[in-house]
Amino acid sequence: MKPLRILVIHGPNLNLLGTREPEHYGLQNLTTINEDLIATGDKIGCEITTFQSNHEGELVERIHQAAAEHVDGIVINPAAYTHTSIALRDALLGCHIPFVELHLSNIHRREEFRHHSMLADIATGIVAGFGPTSYHLALQGLAEHLRANRNT
Ligand code: DQA
């Protein structure tokens with residue numbers, strides 16, 4: 001079966017994983033998370049590309065690039081931009097790429113300003129609260145969704 005091409009996007013401050021607020025985000029760093037995701041992708045027939053940026057515009061441009069490359073789906077932890085970014089919402093809407101939003105922490109158990117997501121209502125699905133496992137659940141869910149849609 002042809003592999004699915006999945007772009008994994010990490011938003012601002014996620015380059016600090018491993019040392020950043022471990023009580024919320026755990027001790028795994030981004031390199032390890034990406035390596036583990038690529039390994040999971042291999043097992044379930046997904047070719048993974050990863051991207052991290054602390055800049056909203058770069059994230060928007062990476063989404064545009066993904067559309068030009070015809071990637072099959074996006075797994076995105078928009079980090080703080082989850083709660084603020086109309087630009088990311090518009091990029092995802094404009095590019096018509098199915099995506100899953102994920103968070104390491106359960107944003108609904110935290111401060112009220114984290115409860116709202118600018119992306120959740122246009123996402124295929126959302127995952128939150130499982131630490132780095134959230135990425136794997138998001139990838140698995142998206143892959144199953146894309147395969148189910150391919151076959152219809
Ligand atoms: C986060 C939750 C966001 O509220 C926060 O700004 C982050 C990380 C998470 O993965 O739990 O940077 O997206």
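**Close-up 1. The classes of residue in the shell around the ligand.** In this predicted model, the shell around the ligand has 5 nonpolar, 4 polar and 2 charged residues. Here Ala, Val, Leu, Ile, Met, Phe, Trp, Tyr, Cys and Pro count as nonpolar, Asp, Glu, Lys and Arg as charged, and the others, Gly among them, as polar. So who's in the shell? Arg20, Tyr25, Asn77, Ala79, Ala80, His83, His103, Leu104, Ser105, Ile107 and Arg114 surround the ligand, each with a heavy atom within 4 Å of it.

Residues are numbered from 1 along each chain as its sequence is written, and side-chain values use heavy atoms, with hydrogens and water left out. Local features need pLDDT of at least 70 and side-chain atom pairs count only at pLDDT 80 or more, while totals for chains, interfaces and linings use all residues.

Close-up 2. Look for Ser105, where a side-chain N or O atom is 2.6 Å from an oxygen atom of the ligand. At Leu104, a backbone N or O atom lies 2.8 Å from a ligand oxygen. Ala80 also brings in a backbone N or O atom, this one 3.2 Å from an oxygen atom of the ligand. Taken alone, the ligand exposes 320 Å², and the protein buries 99% of that (areas by the Shrake-Rupley method with a 1.4 Å probe; for residues, only the protein chains shown count as cover).

**Close-up 3. Arg110 and Ser105.** Arg110 belongs to the loop between strand S4 (99–103) and strand S5 (125–128); strands (E, at least two residues) and helices (H or I, at least four) are DSSP runs, numbered from the N terminus. Its side chain meets that of Ser105 in a polar contact of 2.9 Å (a pair of N or O atoms within 3.5 Å; within protein, one must be able to donate a hydrogen and the other to accept it, and residues adjacent in sequence count only if both atoms are side-chain atoms). Is Arg110 buried or exposed? Arg110 is buried, because its relative accessible area is 11% (buried means under 20%, exposed over 50%, partly exposed in between, with a 1.4 Å probe and protein chains only).

**Close-up 4. Ile122 in its loop.** Ile122 is also placed in the loop between S4 and S5. With a relative accessible area of 24%, Ile122 is partly exposed. Ile122 and Thr82 are 40 residues apart in sequence and 12 Å apart in space, C-alpha to C-alpha.

**Close-up 5. Ile33 in helix H2.** Helix H2 (residues 30–44) holds Ile33, which is buried at a relative accessible area of 2%. From C-alpha to C-alpha, Ile33 and Gln140 are 15 Å apart in space, and 107 residues apart in sequence.
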